[in-house]
Amino acid sequence: MTPGTEAPPPAMRRPRSGWRRPVHALIVGGGWVGFGWMWWLVGAQPWDVRPLVWLIAGSIVVLPLATAAWVRHNRRIFRRKGERRSIADADLGYPRDWHGRTVSADWAALATARHVLVTVDGTTKRYLDASPRPARPHPAPAPSVAPPLPDFADTAT
């Protein structure tokens, strides 16, 4: 097995139930029956076969020729360059975009950003972290310095 593809320990595996396989088989079988029934409905309709014959004949000729040309192209590349021995080197710098604008960004901060705002100002493109910031806790209210309220229950009118 390749690293990272090991089976989970037995305690983490879901128990297999006996009903899943038959239900899946019924769903797939029903899909194929529906597919066949729809083609039967299409085939029962009157239609002109000439365009279909041209499509099938063209596909029988064009698709193998296109595949053979692609294989030939790739074999020429292989003969010229040889077998791949590593991943191609790529320049990870991004000083300018496709339109020649200077790119300004803090890539380390943007790697964890939940929202990125891209702004274009003339010849400069800026990538900014636009993630909502957590609300700052409000300061505790100041202690009350007002005198206590009188107790009106004791006063008679």
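Arg50 is exposed, because its relative accessible area is 57% and the cut-off for exposed is over 50%, with buried meaning under 20% and partly exposed lying in between (1.4 Å probe, protein chains only). Its salt-bridge partner is Asp48, with the closest N and O atoms 3.3 Å apart. A salt bridge here is a side-chain nitrogen of Lys or Arg within 4 Å of a carboxyl oxygen of Asp or Glu. Asp48 comes out at 42% relative accessibility, so Asp48 counts as partly exposed.

Before going on, a word on what you're looking at: this is a predicted model, where local features need pLDDT of at least 70, side-chain atom pairs count only at pLDDT 80 or more, and totals for chains, interfaces and linings use all residues. Residues are numbered from 1 along each chain as its sequence is written, and side-chain values use heavy atoms, with hydrogens and water left out.

Let's step back to the whole chain. The protein chain has three helices and three strands, taken as DSSP runs numbered from the N terminus (helices are H or I, at least four residues; strands are E, at least two). Going along the sequence, the pattern reads α-α-β-α-β-β. Of the 157 residues in the protein chain, 6% are buried. The accessible surface is about 15,500 Å², and carbon and sulfur atoms account for 65% of that; these areas come from the Shrake-Rupley method with a 1.4 Å probe, and for residues only the protein chains shown count as cover. As for contacts (heavy atoms within 4.5 Å), take those between residues at least 6 apart in sequence: 9% of them join residues at least 24 apart.

Now for the strands. The three of them make an open sheet in the order S1-S3-S2, with mixed pairing; two strands pair if DSSP finds at least two bridges between them. S1 and strand S2 (116-121) are the edge strands, each pairing on one side only. From one strand to the next, the twist averages 20 degrees, using axes that are lines fitted to C-alpha atoms (for helices over the stretch in contact) and angles from 0 to 180 degrees between N-to-C directions. S2 and S3 run antiparallel and are joined by six bridges.

Is Lys125 buried or exposed? Lys125 counts as buried because its relative accessibility is 12%. Its neighbors, leaving aside residues up to four places away in sequence, include Tyr94, Thr102, Val103 and Val118. Asp97 is another residue that Lys125 touches, and the two side chains make a polar contact at 3.3 Å. That term means a pair of N or O atoms within 3.5 Å; within protein, one must be able to donate a hydrogen and the other to accept it, and residues adjacent in sequence count only if both atoms are side-chain atoms.

The structure holds three salt bridges. One of them links Lys125 to Asp97, the closest N and O atoms being 3.3 Å apart. Lys125 lies in strand S3 and Asp97 in the loop between helix H2 (50-81) and strand S1 (102-105), so this pair ties together parts that are 28 residues apart in sequence. Salt bridges that share partners join Asp97, Arg101 and Lys125 into one network. Within it, Asp97 and Arg101 have their closest N and O atoms 2.8 Å apart. Both Asp97 and Arg101 are buried; for Asp97, that is because the relative accessibility is 8%.
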